[in-house]
Amino acid sequence: MDTVLRAVGIYFVLLLVFRIAGNRSLAQITMFDFVLLLIISESSQQGITANDYSFTNAVVLISTLVLVDVLLSLWKQRSEKMERLLDGMPLILVRHGEVLQVRLDKVRVDQKDILEAARELQGIERLDQIKYAVLERGGEITIIPWEGSPAADEGATAKKAS
Amino acid sequence: MPKQHHIGDLESPEGLRFHRRQWSFERIGWIALGLFVLLALAGLFGMGPASHARAASADGRLRVEYERFARRQAPSELVLYFSPQAVRDGRLRFWISRDYLDEVGVQQIVPQPSSTDLGGEKIYFDFNIDPGSEYRAVTFELQPEQTSRLQANVGLDGGSEVRYWQFIYP
């Protein structure tokens with residue numbers, strides 16, 4: 001019985017902590033993020049298995065975690081509000097070429113991060129080639145470039161990176 | 001500002017309200033995490049100044065040091081110190097309430113008592129002790145099994161007793 005309670009407890013604690021950290025916190029998966037993730041998983045594992053390393057306990061634990069996850073996903077599907085609460089919402093960072101700096105500050109993203117995503121996803125070199133940048137719910141940044149030849153013809157409204 | 005373009009409903013006023021709430025939630029959360037860690041450093045969850053506690057009997061012959069906050073299945077210590085007056089005829093005899101001992105998970109007693117007896121609500125421990133000995137302390141190594149608030153009573157045989165409580169976190 002304890003195992004079930006501890007598993008549910010840890011599930012919600014992790015959910016809360018990662019909502020507090022913001023959806024961008026571990027999405028960058030640098031080397032160090034990866035190590036941090038391992039340490040966090042190790043710590044929570046010890047918290048829920050306690051001293052019981054039995055097969056039964058592991059099965060109970062896994063079943064509980066998966067069940068909670070399925071139940072929450074069912075709830076999310078029925079209620080948009082719940083989905084927003086648990087998963088957050090996408091946020092536009094660059095709108096029609098205009099960098100929304102206040103938002104960048106709030107979500108702790110800077111223009112370098114946007115450019116990095118742009119290079120990675122679209123082979124874009126400069127900020128003025130970006131039409132839209134969106135911080136997605138999973139913490140990654142997606143980029144929509146200007147159509148056709150970038151910047152020059154349409155991008156008069158775009159702000160320069162420097 | 002150029003004319004507003006929307007990607008789906010990403011820019012709905014409701015969405016922006018949500019983000020603003022999310023940002024304040026994050027900031028409140030950071031403060032809460034900070035406070036939580038400070039409390040942990042202070043020892044509210046064990047092993048710190050707020051947790052380390054002492055208590056003494058009215059006649060001063062028995063003094064105990066214990067962790068006010070212990071954690072389930074984590075080691076903890078109870079140390080009893082005795083004044084020279086507590087020793088009678090080269091023997092030291094004290095008791096601990098059975099309720100407490102049942103819950104607190106005694107792993108080891110250092111040094112080992114020469115005998116124990118299970119008298120009803122109290123469990124008695126006997127030690128032979130050299131009258132000239134400077135060292136009159138007994139350590140109980142504990143590992144509580146259950147989350148609860150424990151009430152402990154410890155006393156010298158025929159002397160006054162010490163009461164304290166201990167909280168076991170999950």
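User: Which residues does Thr64(A) touch, not counting residues up to four places away in sequence?

Analyst: Thr64(A) belongs to helix H3 of chain A; helices (H or I, at least four residues) and strands (E, at least two) are DSSP runs numbered from the N terminus. Contact requires C-beta atoms, placed from the backbone, within 7 Å. Beyond four places in sequence, Thr64(A) touches Val4(A), Ala7(A) and Val8(A).

User: What pattern does chain A follow when read along the sequence?

Analyst: Chain A contains six helices and four strands. Of its 162 residues, 20% count as buried. Among contacts between residues at least 6 apart in sequence, 59% join residues at least 24 apart. The pattern along the sequence is α-α-α-α-β-β-α-α-β-β.

User: Over which residues of chain A is the pLDDT below 50?

Analyst: Chain A has a mean pLDDT of 85, and 88% of its residues reach 70 or more. One stretch falls below 50 and has 23 contacts in the model beyond near neighbours in sequence. Where pLDDT is low, predicted coordinates should not be read in detail. The stretch in question comprises residues 149–162.

User: Are H1(A) and H2(A) roughly parallel or antiparallel to each other?

Analyst: Axes are lines fitted to C-alpha atoms, for helices over the stretch in contact, and angles run from 0 to 180 degrees between N-to-C directions. The axes of H1 (residues 2–21) and H2 (residues 31–49) of chain A come within 8 Å and cross at roughly 150 degrees. Angles under 35 degrees count as roughly parallel, over 145 as roughly antiparallel, 65 to 115 as roughly perpendicular and the rest as oblique. H1(A) and H2(A) are therefore roughly antiparallel.

User: How do the residues of the contact of H1(A) with H2(A) divide?

Analyst: From H1(A), Thr3(A), Arg6(A), Ala7(A), Ile10(A) and Leu14(A) meet Ser44(A), Gly47(A) and Ile48(A) of H2(A). Ala, Val, Leu, Ile, Met, Phe, Trp, Tyr, Cys and Pro count as nonpolar, Asp, Glu, Lys and Arg as charged, and the others, Gly among them, as polar. The division is four nonpolar, three polar and one charged.

User: At roughly what angle do the axes of helix H3 and helix H4 of chain A cross?

Analyst: Helix H3 spans residues 55–78 and helix H4 residues 80–87 of chain A, and their axes come within 5 Å. The angle at which these axes cross is roughly 125 degrees.

User: Which residues in H4(A) are met by residues in H3(A)?

Analyst: H3(A) contributes Leu72(A), Trp75(A) and Lys76(A) to this contact. By class, the residues of the contact of H3(A) with H4(A) are four nonpolar, no polar and two charged. Those met in H4(A) are Met82(A), Glu83(A) and Leu86(A).

User: What is phi of His96(A) near?

Analyst: His96(A) lies in the loop between strand E1 (91–95) and strand E2 (98–99) of chain A. With 19 C-beta neighbours inside 10 Å, His96(A) is partly exposed. Phi is positive in this residue other than glycine, near 50 degrees.

User: What is omega of the cis peptide bond that joins Val110(B) and Pro111(B)?

Analyst: Pro111(B) is located in the loop between strand E6 (106–110) and strand E7 (115–119) of chain B. Omega of the cis bond from Val110(B) to Pro111(B) is about -10 degrees.

User: How many residues does the contact take from chain B and from chain A?

Analyst: The contact takes 15 residues from chain B and 15 residues from chain A. The side of chain B that touches chain A has seven nonpolar, six polar and two charged residues.

How values were computed
Residues are numbered from 1 along each chain as its sequence is written. Chains are lettered from A and ligands numbered from 1 in the order in which they are written. This is a predicted model: local features need pLDDT of at least 70, side-chain atom pairs count only at pLDDT 80 or more; totals for chains, interfaces and linings use all residues. Two residues are in contact if their C-beta atoms, placed from the backbone, lie within 7 Å. pLDDT is the predictor's confidence in each residue, from 0 to 100. A residue is buried if 20 or more other C-beta atoms lie within 10 Å of its own, exposed if 12 or fewer, and partly exposed in between; C-beta atoms are placed from the backbone.
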